[in-house]
Amino acid sequence: MKHFSALLLSTTLLAAPAFAEMLELEKDELKLGFIKLTDMAPLAVAYENGYFLDEGLFVTLEAQANWKVLLDGVIGGQLDGAHMLAGQPLAATIGYGTEAHIITPFSMDLNGNGITVSNSVWEQMKPNIPTNADGLPQHPISASALLPVVESYRAAGKPFNMGMVFPVSTHNYELRYWLAAGGLNPGLYSPADTSGQIGADVFLSVTPPPQMPATLEAGTIDGYCVGEPWNQQAVVKGIGVPVITDYELWKNNPEKVFGITAEFAEKYPNTTLALTKALIRAAIWLDENENANREAAVEILSRPEYVGADAEVIAASMTGTFEYEPGDVREVPDFNVFFRYNATYPFYSDAVWYLTQMRRWGQIAETKDDAWFDETARSVYRPDIYLDAARLLVDEGNAAEADFPWDSDGYKAPTPAADVIDGIPFDGKAPNAYIDSLPIGLKSGEVVGG
């Protein structure tokens with residue numbers, strides 16, 4: 001947990017009226033939550049670089065035990081906002097799990113996740129993976145290389161277990177996407193059975209991110225999908241091998257968001273704008289000058305009050321490389337993206353993709369028409385708030401006019417087939433056609449059990 005010292009607080013309070021004249025804040029003392037992952041970086045940077053203070057905001061950042069505790073804290077008002085899984089505001093708003101109207105005015109990053117398997121599983125996969133001229137595995141690695149391993153487990157009467165961080169997490173959907181693209185069924189959900197393991201070839205269960213390596217080492221799971229630094233931690237500990245990054249799975253896919261309740265945004269509109277401004281500035285700093293500030297960001301994140309992993313482990317992915325097997329270090333400059341490619345803009349199409357995966361795997365039990373996907377996305381993702389904050393930053397000289405998609409309708413151009421591991425393009429304006437194009441999972445008109 002981070003707190004201001006009394007001296008710093010008294011000093012900054014003297015400056016607060018100047019900021020209040022610029023943007024009158026309805027609430028200036030805030031507690032924001034996060035999970036110990038490198039993609040919480042915009043929050044840490046906004047705090048450490050003084051961007052919250054520049055907006056007249058006195059912020060406490062507080063690590064949370066898991067994603068459910070974090071979400072409950074925002075809904076219950078113990079937290080004013082938080083670093084969230086992109087699926088959490090959407091699931092809460094449609095009433096899957098805890099019901100509450102959560103919005104996001106700021107998308108925190110692109111990419112940043114990986115899928116890791118145990119050393120034993122990796123050795124069984126390797127004969128199924130083609131190699132480069134240097135003898136190293138060809139990437140991206142398809143889950144088809146895992147299929148014979150899963151079949152051998154089944155023949156021996158053993159389940160093949162993998163971990164993900166939460167039922168509506170990017171990690172759940174990315175792991176499912178990778179498995180299904182390789183011919184493995186990750187299982188379905190139904191209103192009567194929320195395990196997500198109906199008809200599964202691979203059994204997925206929840207494990208909090210920092211506990212992933214220890215759970216893998218204990219043999220409870222055979223692999224997992226998680227954000228950094230917990231894939232690189234498996235390499236450092238010598239207990240597992242990352243087989244694919246989500247950048248290889250789906251180039252520049254959306255990741256975490258900053259979530260607040262709709263009630264908070266309505267009650268404190270200027271405070272919401274101020275928060276969004278500070279986070280945009282942090283994202284700009286993280287990516288500017290070709291990631292020149294990443295080493296400084298690594299030092300911040302390595303502190304125990306933030307991620308608390310060794311700086312070397314965080315730097316292994318945060319500074320533009322990624323280590324698969326020990327010594328197999330490859331250039332992945334876009335493994336973590338915080339601002340470029342309009343990473344911070346909350347696109348409706350990003351929300352629609354998450355909703356299609358909820359429908360594909362049965363978390364949304366029945367078919368919804370395309371208009372429902374659009375309406376739901378618009379109720380949660382708020383580019384209007386984002387652009388208002390961006391306009392203020394540009395007018396103040398803290399951001400460049402050209403860096404924001406002012407004329408966007410909220411939808412990205414369709415993702416081309418070449419950017420996705422299974423070669424299936426995604427158009428956010430045609431969600432049902434997309435769902436029906438996917439080889440494993442529910443299609444239009446289908447429900448679990450009929």
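Tutor: Happy to; we start at the domain boundary and then move on to a helix pair, some backbone features and a salt bridge. This is a predicted model, in which local features need pLDDT of at least 70 and side-chain atom pairs count only at pLDDT 80 or more, while totals for chains, interfaces and linings use all residues. Residues are numbered from 1 along each chain as its sequence is written, and side-chain values use heavy atoms, with hydrogens and water left out.

Across the boundary, 34 residues of domain 1 are in contact with 35 residues of domain 2, where contact means heavy atoms within 4.5 Å. The two domains bury about 2,800 Å² between them, 64% of it on carbon and sulfur atoms; buried area is the accessible area (1.4 Å probe) that two parts lose on being put together, summed over both. Val313, Tyr324 and Glu325 supply 22% of the area that domain 1 buries against domain 2, more than any other three residues.

Between domain 1 and domain 2 the count is one salt bridge, that is, a side-chain nitrogen of Lys or Arg within 4 Å of a carboxyl oxygen of Asp or Glu. Glutamate 325 also takes part in a salt bridge with lysine 126, at 3.8 Å from N to O.

Next come the helices, which, like strands, are DSSP runs numbered from the N terminus (H or I, at least four residues, for helices; E, at least two, for strands). Helix H2 (residues 41–48) packs on helix H13 (residues 269–291) at an angle of about 100 degrees, with axes 8 Å apart. H2 and H13 are therefore roughly perpendicular, a label for angles of 65 to 115 degrees. Ala41, Pro42, Leu43, Val45 and Ala46 of H2 meet Ala278, Leu279, Ala282, Trp285 and Leu286 of H13. By class, this contact has ten nonpolar, no polar and no charged residues.

Helix H13 also contains glutamate 290, whose phi is near 55 degrees, a positive value in a residue other than glycine. Most residues other than glycine have a negative phi, and most peptide bonds are trans. The peptide bond from histidine 139 to proline 140 is cis, with omega near 0 degrees, and proline 140 sits in the loop between helix H6 (119–125) and helix H7 (147–155). Another cis bond runs from glutamate 228 to proline 229, with omega near 15 degrees.

Finally, the structure holds 24 salt bridges, including lysine 27 with aspartate 80 at 2.6 Å, N to O.

Technical notes: Axes are lines fitted to C-alpha atoms, for helices over the stretch in contact, and angles run from 0 to 180 degrees between N-to-C directions. Angles under 35 degrees count as roughly parallel, over 145 as roughly antiparallel, 65 to 115 as roughly perpendicular and the rest as oblique. Ala, Val, Leu, Ile, Met, Phe, Trp, Tyr, Cys and Pro count as nonpolar, Asp, Glu, Lys and Arg as charged, and the others, Gly among them, as polar.
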